[in-house]
Amino acid sequence: MEKPVRIYQCDSSPDGILSAVFEAGVSGYGHKYIKIQPLSQDYTYNIELFSEYINVETSARKAENVLKTIEDRISREAYFFVMSALLSEEEDRGNVIYQFVTYGFTIGADITKALQLECVSRIFEIKRGVHNEAHFYKEFLRFQEVKKAPPVLMAKMEPKNKVLTLVAAHFEDRFNAEYFIIYDKSHREAVFHSAGGDSIIRILTQEEENRLEGMLDIDEKYADLWKVFFDSIAVEERRNYKLQRGNLALHYRKYMTEFMENN
């Protein structure tokens, strides 16, 4: 007998989505009749007639339980798929994660290879999108010196997905002896790394965002070095703008100092 669809609405944070996965899983309602809908002000939602809506309270304990169960009962690779999808801003990520986990409990470790299943092919696509974007920022993010004593480097990015943790880990290995800040304007958060020490990622207040924006407005010679280098090797006769756009999408150039206009 057909049942009405049950839609679990939750906070758009990783813990919120995983809490909804937990509640839907223990309900025993049947995965074919369940959807997970992370709520965000960036999306417009249509009310589905004859559907049952359930509001889910975020629980770090339930979220941790889901992740541990995925790793123990499915595989470490499946855990990696889910963690990657949680960094995405794709509107369907919550439902895709739920369906992927549900099938995973039945199929086991081979779930990551079952691309004939729509949820598996979709989570693979989401994962690839997240890591491709992180890779771009690892390659093209540029720092400028915003303080001289002690020297503090700062970079600004505006990613679609929540890739700050992935990008920060990359630069922590390479700039471990430096003080640096990576500011994610899209998600209003930043990572603060102390020289030779730890990093802290935090959600920013409006005042803190304004301060970081102000720091980046300072005209430093460190930023100018990239412009000089870029111009010195870019002989006009050898420029290939079509190739440049193909290799480096315009979206990623916004905060690269060699592509910024001189004031």
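Predicted model: local features only at pLDDT ≥ 70, side-chain atom pairs only at ≥ 80, totals over all residues.
**Note on aromatic pairs and cores**

1. F175 is partly exposed, with a relative accessible area of 25%. F180, at 1% relative accessibility, counts as buried.

2. The structure has 9 aromatic pairs. One of them is F81 with F100, a stacked pair at 5.9 Å centre to centre and 5° between the planes. F81 sits in helix α3 and F100 in helix α4, so the pair ties together parts 19 residues apart in sequence. F81 is buried at 3% relative accessibility. F100 is buried too, at 0%. The F175 and F180 pair is edge-to-face, because the ring centres lie 6.3 Å apart and the planes stand at 75°.

3. The largest nonpolar core has 36 residues, and I36, I70, V82, I97 and F100 touch the most other members. At least two residues of this core come from each of β1, α1, β2, α2, α3, α4 and α5. A second, separate core holds 17 residues, including L87, F143, L153 and V163.

4. Look at I70 next. Beyond its neighbours within four places in sequence, I70 contacts S75, A78, Y79, V82 and V101.

5. K3 is 4.1 Å from the ring centre. R6 is 3.8 Å from the ring centre.

6. Strands β4 (residues 144-148) and β5 (residues 151-157) pair antiparallel over 4 bridges. A hairpin of 2 residues joins β4 to β5. K148 has P151, in β5, as its bridge partner.

Note on methods
Residues numbered from 1 in each chain as written. Heavy atoms only, no water. Pairing = 2+ DSSP bridges. Core = buried A, V, L, I, M, F, W, Y, C linked by side-chain atoms within 4.5 Å. Buried < 20%, exposed > 50% of the residue type's maximum accessible area, 1.4 Å probe, protein only. Contact = heavy atoms within 4.5 Å. Phe/Tyr/Trp six-rings, centres within 6.5 Å; stacked < 30°, edge-to-face > 60°. Lys NZ or Arg CZ within 6 Å of the ring centre and 35° of its normal.
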